[in-house]
Amino acid sequence: MNAPESSSRSSSPNAEGDGVVMRVEGIRKNFPGVVALNGVSFDLRAGEVHALCGENGAGKSTLMKILAGSQAPDTGVLLFKGRPVVLASPLEAKEKGILLIHQEISLVPELSVAENLFLGSLPLLSFGRVDRKTLLRRAKEVLESNDVGVSPKAIAGELSIAKQQMVEIARASAFQCQVVIFDEPTASLTETETEALFETIQRLRHQGVAIAYISHKMKEIFRVSDRVTVLRDGEVRGTLQTRETNEDEVTRLMIGRTLDRYFHRAKRRLGAEVLRVENLSVTGFARNVSFSLRAGEILGLYGLVGAGRSETAEAIFGLRTKTSGEIFVNGREVKVRSAKDALRLGLGLVPEDRKKQGLVLTMGSRQNTGLALLRQISKFGFVANEREETIYQSYRKKLDIRSATSSAKVGTLSGGNQQKIVLAKWLATKPKLLILDEPTRGIDVGAKTEVHSLISDLAEQGLAVLLISSEMPEIMGLSHRILTMQQGIVTGEFDAESVTEEELVVAIMHRSTIEAGVVTEPERI
């Protein structure tokens with residue numbers, strides 16, 4: 001079945017003609033021990049959204065960095081408006097009207113929103129002074145036109161990650177761009193903010209801007225794009241008209257196989273209670289949260305961004321101070337004041353942001369895997385490298401971690417492999433309970449399937465799993481039970497096998513508690 005039509009994607013006037021603004025021909029790029037791009041050809045046309053898909057490590061980001069002047073190709077030709085160009089820097093690319101919206105926030109945190117929007121082209125008065133009045137006026141216009149609800153005077157570093165990302169995206173309107181490259185732009189956005197982004201993309205399309213769009217979310221690809229190019233192992237595997245293809249075909253090109261069973265829910269073989277939380281509150285984030293979790297069970301925690309899910313998990317793990325409530329592990333009340341206490345009790349936490357909270361990017365795969373076991377694998381303050389290597393190799397095989405060597409810096413690995421190393425770090429501690437906060441965020445469809453299978457396998461082996469996810473199919477496909485949260489309050493509990501999508505949407509959008517078929521309104525935080 002072909003992809004459904006969407007009102008958010010209109011017919012591109014240049015999709016069938018030439019209209020090429022930017023093109024790469026025969027691009028090749030090598031890194032030590034890795035061929036990132038091998039003879040890639042790709043073009044961007046005015047008024048068109050060209051999606052780029054592929055697994056982590058397929059070469060997508062490398063190609064986009066070449067288009068944006070951040071990296072230079074080893075061989076091949078880069079054409080802009082039909083003429084060969086050499087882009088020596090992102091600033092030179094920006095001056096030509098080529099802008100890359102990074103997945104990782106690139107704002108200067110100490111500067112204001114207005115200064116970040118026009119960084120590199122600030123309006124000036126005599127003697128190089130910044131024209132503050134003009135700057136604020138232009139910034140206000142850009143923010144309002146992109147529905148970004150922040151003040152142009154706000155300091156960028158004081159905004160939430162989602163708001164920072166919206167400011168980043170608004171840069172596309174601040175410049176007279178001819179090419180805009182979006183690299184995983186919705187990774188930190190709420191549904192409302194994502195809709196605002198799609199409206200921005202539509203405005204840019206109608207202005208004749210050529211757009212490249214990278215995303216692991218197939219729903220988005222089919223929502224906004226006109227064409228889809230698939231990369232695998234640094235090579236183009238196909239370019240398709242979006243309306244003439246479907247998710248199965250794109251996925252097959254991406255990973256070289258079909259996903260016959262995307263989700264595999266663990267068999268319901270529940271053991272003794274591992275965790276019980278009673279009336280847990282965290283000031284400003286959660287109030288009177290109560291639930292229990294048994295061995296072999298996957299409990300899904302579902303809600304919108306800001307619902308208090310991560311903060312609840314952090315309080316259980318000792319990373320955030322709870323203001324009231326009790327935590328019981330194996331039937332005994334415990335005090336968890338730090339991650340050290342949590343580790344001693346047999347708890348593990350795979351955090352939402354693996355790069356900032358889960359890994360040391362400048363260290364090797366082996367060293368990261370052993371981080372939570374330093375006491376056990378050290379003697380007189382020195383790490384036993386052989387024991388560390390043995391642990392890493394064991395999980396490398398179990399999780400199919402792909403790293404050139406055990407000492408390769410994890411910052412150079414794909415998102416999927418980074419996530420597997422975070423999982424390996426905690427699995428090596430032999431936990432009784434594993435908390436997974438957005439475990440598949442930012443990884444490709446093939447790696448997602450591997451992580452999903454791993455989660456189900458762990459539960460079948462008797463591990464208790466608390467799964468936090470913003471993706472409804474993931475929550476519904478893996479969990480045995482689902483708790484919904486909104487504004488820090490548990491609003492419903494459901495059996496995952498019988499719940500409907502509509503019931504979950506109602507539970508996370510309305511502050512109602514469902515108990516024995518009776519709907520009541522809880523107190524406000």
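Because the model is predicted, local features need pLDDT of at least 70 and side-chain atom pairs count only at pLDDT 80 or more, whereas totals for chains, interfaces and linings use all residues. Residues are numbered from 1 along each chain as its sequence is written, and side-chain values use heavy atoms, with hydrogens and water left out.

We can start with the interior. A nonpolar core is taken here as a set of buried Ala, Val, Leu, Ile, Met, Phe, Trp, Tyr and Cys residues joined through side-chain atoms within 4.5 Å; buried means under 20% relative accessible area, exposed over 50%, and partly exposed in between (1.4 Å probe, protein chains only). The largest nonpolar core contains 78 residues, and Leu 275, Phe 291, Ile 316 and Leu 434 have the most contacts inside it. Another core, of 49 residues, lies apart from it and includes Val 49, Cys 53, Leu 204 and Val 228. Contact means heavy atoms within 4.5 Å. Not counting residues up to four places away in sequence, the residues touched by Leu 434 include Gly 348, Leu 349, Val 350, Trp 426, Leu 458 and Leu 466.

Next comes a pair of helices. Helices (H or I, at least four residues) and strands (E, at least two) are DSSP runs, numbered from the N terminus. Helix α5 (residues 161-174) packs with helix α6 (residues 191-206) at an angle of about 5°, and their axes are 11 Å apart. Axes are lines fitted to C-alpha atoms, for helices over the stretch in contact, and angles run from 0 to 180 degrees between N-to-C directions. The two helices α5 and α6 are therefore roughly parallel to each other; angles under 35 degrees count as roughly parallel, over 145 as roughly antiparallel, 65 to 115 as roughly perpendicular and the rest as oblique. On the α5 side the contact is made by Ala 162, Lys 163, Met 166, Ile 169, Ala 172 and Ser 173, and on the α6 side by Glu 193, Ala 196, Leu 197, Thr 200 and Leu 204. Sorted by class, this contact of α5 with α6 has 7 nonpolar, 2 polar and 2 charged residues. In that sorting, Ala, Val, Leu, Ile, Met, Phe, Trp, Tyr, Cys and Pro count as nonpolar, Asp, Glu, Lys and Arg as charged, and the others, Gly among them, as polar.

Helix α8 (residues 247-255) has Val 250, Thr 251, Leu 253, Met 254 and Ile 255 buried. These buried residues of α8 pack against β3 (49-53), α7 (218-224), β9 (227-232), β10 (235-241) and α15 (445-460). At the N-terminal end, Asn 246 caps α8, with a side-chain oxygen 3.2 Å from the backbone nitrogen of Asp 248. Gly 256, with a positive phi near 80°, follows α8.

Two loop serines come next. Here a polar contact is a pair of N or O atoms within 3.5 Å; within protein, one must be able to donate a hydrogen and the other to accept it, and residues adjacent in sequence count only if both atoms are side-chain atoms. Ser 403 sits in the loop between α13 (385-399) and α14 (415-427), and it counts as buried at 16% relative accessibility. A polar contact of 3.4 Å links its side chain to that of Ser 365, and a polar atom of the Ser 403 side chain lies 2.8 Å from the backbone oxygen of Thr 405. Leu 413 lies in the loop between α13 and α14 and is buried at 14% relative accessibility. The C-alpha atoms of Leu 413 and Ser 403 are 6.9 Å apart, with the residues 10 apart along the chain.

Ser 479, in the loop between α16 (472-478) and β21 (481-486), is buried at 0% relative accessibility. Its side chain reaches the backbone nitrogen of Gly 300 at 3.5 Å, and a polar atom of that Ser 479 side chain lies 2.8 Å from the backbone oxygen of Ile 475.

Asn 288, in strand β12 (residues 286-294), has a positive phi of about 55° although it is not a glycine, and it counts as partly exposed at 40% relative accessibility. Lys 430 lies in the loop between α14 and β19 (433-437); its phi is positive, near 55°, and it counts as exposed at 59% relative accessibility.
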